[in-house]
Amino acid sequence: MQLFIQRVFDGLQAGAIYAILALAIVIIFRASGMLNFAQGEIAMFTTFVAWNLFDAGLPWWLTSVASLLIGFVVGAVLYRLLIVRLGGTHANPLAVVMVTIGLFLMLNDGAGVIWGTDAKPVPRVFGSGRIEIFGAGIAVQVIGLLAVLAILVVGFNLVFQKTKLGLALRAVTSNQESAALAGIKVTTTLMIGWGLAAAIGSLAGTFTASSVALDKNMMQVVLIYAFAAATLGGFDSPIGAVVGGLIIGLVSELVVGYVDIVGPDLRLLPGFVLVLVVLLVRPQGLFGTAKVGRA
Amino acid sequence: MTLLAVQHLVAGYGPVQVLDGLDLSVEAGEIVVVLGANGAGKTTTLRALSGMIPAKGSVVLNGKEVIGRKPEDLVGMGVAHVPQGRGTFPDLTVAENLRVGGFTRPAAEVAEDMERWFDVFPRLRERIDQAAGSMSGGEQQMLAIARALMSRPALLLLDEPSLGLAPLVTRDVFERIAAVNAELGTTVLVVEQNANLALDIATRGYVLETGRIIAEGSADELRNDDVVRRAYLGV
Amino acid sequence: MTRRMTPLRALAWVIALVVAIALPQLLGASDVNRLGEVMYIAVAALGLALLTGFNGQISLGHGAFLGMGAYITMILTVDYNVSYALAGVIAIVFAFVVGLIVGLPALRITGIYLALVTLALATLFPQIVVRLGDITGATVGRGLLPREGYGEWDLLEEIGRRNYLFEAGFRAPEWTGLADDQWRYYVFLAIAIVVFVLVHNLVHSRVGRALVAIRDNETAAEVAGVPVSTYKVVTFGISASIAAIGGWMFAVLNNQVSPTSFTIALSITLLVAAVLGGANSIIGPVLGAFVIVYLREAVPAESQRFTQVVFGLVLILVMLVAPGGIIGVYRNVAARIARSRAGRRSDSPPLPPPDPLAEPAAGSTV
């Protein structure tokens with residue numbers, strides 16, 4: 001029983017990270033209909049910058065906040081400089097994929113060049129304490145992470161439903177042309193959207209580094225899981241991203257733990273099989289709207 | 001006072017030039033209609049005026065040159081454009097649609113205006129929390145017009161409001177437009193295929209054919225013009 | 001063969017062919033092997049170009065199909081004494097089937113999911129290889145000399161220097177009087193030419209035009225009667241097979257496979273080669289392959305780690321500035337020359353943003 005609880009929380013911990021990154025992916029997809037393949041690498045890069053600041057003496061919580069801000073700037077600039085030049089929301093999706101893959105490569109290798117390939121140890125955001133839940137020792141870090149995820153979801157909802165910025169973002173997503181005609185500055189709005197997404201992604205980077213160690217390849221697998229989570233949940237649904245992430249985290253952990261054929265090498269497999277099955281039955285994902293699942 | 005002066009407007013899509021030197025003008029307080037068949041360039045005209053497509057020539061609004069501006073600047077210049085097909089925000093509720101319309105205005109005015117437009121278009125108040133995409137064509141048209149009016153424009157551009165609407169509904173829409181013009185003094189430039197209903201509410205009109213104005217006059221003059229009658233009034 | 005085979009063009013092709021045939025006689029073994037590397041990348045990149053440039057579907061997993069081809073070839077020839085030719089055929093069929101399996105569910109959902117599925121494939125492939133360690137030799141790989149994680153450059157030097165070969169190697173038959181590397185080169189050249197001609201004919205056929213129509217506007221193509229789903233899935237299968245041919249060539253050339261050779265980096269390399277050269281052309285992948293292989297050469301050893309940065313930068317710049325790749329630039333210039341010769345001047349308002357994968361101008365033959 002103890003082992004089961006442990007596994008559940010391990011799964012939730014991983015799943016929460018996937019959920020956060022998936023949320024970032026979904027924000028961009030909803031706002032502009034594109035996938036940002038560099039999302040994970042941006043997160044990795046900002047976490048490295050945070051580590052640099054931490055190494056120079058700043059407290060970890062402060063550098064984590066700094067990484068959020070840097071992430072925001074990177075995301076906004078990425079949209080303004082690259083995506084707009086490709087045609088903004090009318091850009092060919094393939095071109096956007098290629099450009100973001102290009103950015104992925106640059107950031108990944110760039111990080112290796114700047115900071116080397118050794119993994120850097122990074123402090124836990126919420127300290128190293130453990131608490132007992134049903135007999136299993138669960139790291140406070142995990143609880144804290146789940147709390148952050150909850151705050152993120154609530155905050156996201158607040159911003160999107162109750163603020164003018166949120167209204168602008170939703171208007172641009174719903175009908176970009178009319179949004180412009182209503183006086184909404186479309187490019188600025190999308191820049192903010194991409195910036196927010198990147199900032200949220202940075203959180204995923206911070207927590208990934210905390211749970212293992214900070215190294216330049218750490219986000220690659222997380223990105224894949226996050227894509228799977230977004231697919232499972234429905235690409236235009238933020239709730240879907242979060243639920244999808246948690247489910248995939250749980251399923252991966254439990255299947256790998258309890259099904260012997262699937263060893264740790266094939267960790268990705270259960271998640272993907274799940275996604276594939278859901279897609280065959282419900283192409284738009286669990287929470288997605290029909291227009292996402294085009295036959 | 002001339003609110004809008006268009007001279008030698010040239011616009012098109014890539015290698016296809018649709019407007020070939022268009023001239024028209026709109027005085028403050030008027031309802032001006034531009035008649036034309038499909039492909040004549042009606043929608044292109046409005047899109048060029050709004051900056052949605054690149055254009056050459058001169059378009060002066062309230063003394064300021066509009067050519068080269070982006071659509072987002074229009075609202076600030078006092079122009080609201082209701083595009084063809086209504087251009088509502090299908091995923092947003094009626095209330096949210098109106099709030100977007102009033103995006104550039106202070107919150108107090110937005111609240112006040114929403115009330116007013118709900119009075120003018122009671123059907124919208126009934127559906128206040130309904131997603132715009134699920135409403136009927138006529139309701140969406142009312143919503144689109146109300147949304148445009150939320151920005152308190154001096155000039156309202158309407159692109160084929162009758163499109164896809166039943167005749168009775170269309171008549172209703174046009175009556176509201178006339179009412180708004182009468183009460184608020186909002187100048188209206190409407191492009192239409194349905195000449196009958198449009199001429200009923202218009203002060204003046206133009207006839208557009210293959211990218212050029214071929215006739216202009218008061219609503220009565222146009223209604224009695226043989227060419228117009230045969231081509232557009234089905235007489 | 002090409003649409004407008006002018007005498008000048010024919011001459012150019014003949015010269016190119018003569019040069020290609022002469023090269024192995026003039027160059028040393030390691031250079032010849034490097035050309036072999038260009039060829040297998042070019043072939044695999046062509047498969048990718050067919051899928052992405054001509055049919056508009058993206059794949060980030062073609063490295064996995066190449067890897068499949070390589071592993072199957074290695075395992076069958078080394079463990080089961082199957083002839084290289086038969087191994088190649090089996091590899092092609094296997095990859096085709098896997099391609100169908102991957103391409104099929106992607107039909108039900110928006111095209112961008114294909115990018116994700118292929119990404120997963122590329123990531124999973126080395127992991128599956130390791131998992132099936134008994135057959136595949138796990139992290140150590142299969143081949144003559146078990147090694148781990150070396151750079152391909154080391155091996156090519158090794159092949160050049162090596163003066164012995166096991167029976168599992170791809171050896172030159174006695175009657176040719178050629179060295180092994182030369183023989184391999186000519187076999188590759190013949191295969192590459194066949195593949196390129198076949199793809200070229202496919203692209204310029206009615207089916208090919210239908211594929212392009214699907215790329216440009218799927219709904220319109222469907223309405224026009226094109227069996228969109230079938231074509232897309234089959235194209236994916238074919239494209240995977242072609243990549244597997246590249247994999248066969250890899251196995252023959254290197255005589256060694258290991259999981260580290262077929263990571264997502266390879267898939268991205270193929271993508272860069274195709275895009276840089278011009279994804280909607282036949283010659284493009286060849287040019288891209290040349291650039292990739294020789295760019296890596298030109299970068300001194302200490303700066304090897306910059307390769308990915310450069311690749312990324314290249315990808316971004318190409319997409320922003322010259323979305324049609326090198327061939328795209330060539331076509332633009334050629335078209336402009338043709339237009340100014342015809343004396344027409346265009347006065348129309350600016351065009352919408354360039355579509356990176358748009359149909360090339362009529363009359364182009366590459």
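Tutor: Gladly. Let us begin with a definition: two residues are in contact if their C-beta atoms, placed from the backbone, lie within 7 Å. Keep in mind that this is a predicted model.

Student: What share of the contacts in chain C between residues at least 6 apart in sequence join residues at least 24 apart?

Tutor: That share is 78%. Chain C has 15 helices and two strands, and buried residues account for 47% of its 366 residues.

Student: What makes a residue count as buried in that percentage?

Tutor: A residue is buried if 20 or more other C-beta atoms lie within 10 Å of its own.

Student: Why are helix 12 and helix 15 of chain C called roughly parallel?

Tutor: Start with the values: the axes of helix 12 (residues 264-277) and helix 15 (residues 325-342) of chain C cross at roughly 5 degrees and come within 3 Å. Angles under 35 degrees count as roughly parallel, so helix 12 of chain C is roughly parallel to helix 15 of chain C.

Student: Which residues make that contact?

Tutor: Helix 12 of chain C brings Val275(C), Leu276(C) and Gly277(C), and helix 15 of chain C brings Gly325(C), Ile326(C) and Ile327(C). By class they are four nonpolar, two polar and no charged. Gly is counted among the polar residues here.

Student: On to chain B. What makes strand 6 and strand 10 of chain B edge strands?

Tutor: The open sheet of chain B has six strands in the order 6-7-8-3-9-10, with mixed pairing. Strand 6 (79-82) and strand 10 (212-218) each have a single partner strand, so one side of each is left without a neighbour in the sheet. From one strand to the next, the twist averages 15 degrees.

Student: How do you know that strand 6 and strand 7 of chain B pair?

Tutor: Pairing needs at least two bridges found by DSSP. Four bridges join strand 6 of chain B to strand 7 (residues 155-159) of chain B, and these strands run parallel. They therefore pair by that definition. Within strand 7 of chain B, Leu156(B) is the bridge partner of Ala80(B).

Student: Which strands does helix 6 of chain B touch?

Tutor: Helix 6 (residues 137-149) of chain B packs on the sheet, where it touches strand 6 and strand 7 of chain B. The direction of helix 6 makes about 165 degrees with that of strand 6 of chain B.

Note on methods: Residues numbered from 1 in each chain as written. Chains lettered and ligands numbered in written order. Predicted model: local features only at pLDDT ≥ 70, side-chain atom pairs only at ≥ 80, totals over all residues. Buried ≥ 20, exposed ≤ 12 C-beta atoms within 10 Å, placed from the backbone. Axes fitted to C-alpha atoms, helices over the stretch in contact; angles between N-to-C directions. Parallel < 35°, antiparallel > 145°, perpendicular 65-115°, else oblique.
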